Amino acid sequence: AHPLPIWRGKESLHSHDGKILLAGDAAGLINPFFGDGILYAVKSGIMAAECVVEGKTLEYSDRIHTKFATNFDAALRMANFFYQFPGFCYRYGVTNPRATRAAARLIAGEFPFDQLPRRVLHRVRRQALGSLLPMQGARSSG
């Protein structure tokens with residue numbers, strides 16, 4: 001067993017001469033929240049091949065960062081929060097009936113991590129306002 005090289009931010013993923021390109025686990029393209037990486041290994045392998053075919057291997061790191069950095073940085077922030085407050089996250093996230101489907105969509109790349117905080121805040125606000133509205137209606141009718 002070897003520790004997974006989880007994404008820690010942007011770094012060079014090609015040698016100074018562009019003859020070596022790191023893809024998948026070797027490039028640290030492992031999602032810091034779930035620890036998955038096969039989707040990113042395949043995508044980065046395809047991107048490496050495209051760079052070789054186009055003769056643009058020195059652009060590889062920038063292409064990878066453009067494609068993955070925003071999402072991985074957001075996943076890293078979520079992981080830091082989740083592992084700092086596991087009880088809270090379990091109670092209000094993991095046990096939510098929609099959590100499994102949301103996790104599957106995140107892992108499949110159907111929904112980006114950087115959109116999740118806005119979505120969560122929107123739902124929290126909606127629930128908070130929903131719980132306040134009946135109380136306001138009760139006050140005004142009395």
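What is the relative accessibility of Arg 63, and how does Arg 63 count by it?

A: Arg 63 counts as partly exposed because its relative accessibility is 22%. The scale sets buried at under 20% relative accessible area and exposed at over 50%, with partly exposed in between (1.4 Å probe, protein chains only). The model is predicted: local features need pLDDT of at least 70, side-chain atom pairs count only at pLDDT 80 or more, and totals for chains, interfaces and linings use all residues. Numbering runs from 1 along each chain as its sequence is written, and side-chain values use heavy atoms, leaving out hydrogens and water.

Start with the partners of Arg 63. Its side chain forms a salt bridge with Glu 54, at 2.6 Å from N to O. A salt bridge here needs a side-chain nitrogen of Lys or Arg within 4 Å of a carboxyl oxygen of Asp or Glu. Glu 54 is partly exposed, because its relative accessibility is 41%. Arg 63 also meets Glu 59 in a salt bridge, at 3.3 Å from N to O. Glu 59 has a relative accessible area of 36%, so it is partly exposed.

The count comes to three salt bridges. Another pair is Glu 110 and Arg 105, at 3.7 Å from N to O. Glu 110 counts as exposed, because its relative accessibility is 56%. Arg 105 is partly exposed, since its relative accessible area is 26%. Shared partners join Glu 54, Glu 59 and Arg 63 into one network.

Now the nonpolar side. The largest nonpolar core has 13 residues, and Leu 29, Tyr 60, Ile 64 and Phe 68 touch the most other members. Such a core is a set of buried Ala, Val, Leu, Ile, Met, Phe, Trp, Tyr and Cys residues joined through side-chain atoms within 4.5 Å. Two elements give two or more residues to this core: α1 (38-54) and α2 (60-84). These labels follow DSSP runs numbered from the N terminus: helices are H or I with at least four residues, strands E with at least two. α2 gives the most, with five residues.

Take Leu 29 in detail. Residues up to four places away in sequence are not counted; its contacts include Pro 5, Trp 7, Tyr 40, Ile 64, Phe 68 and Phe 72. Contact means heavy atoms within 4.5 Å. A second, separate core has nine residues, among them Phe 33, Ala 74, Ala 75 and Leu 116.
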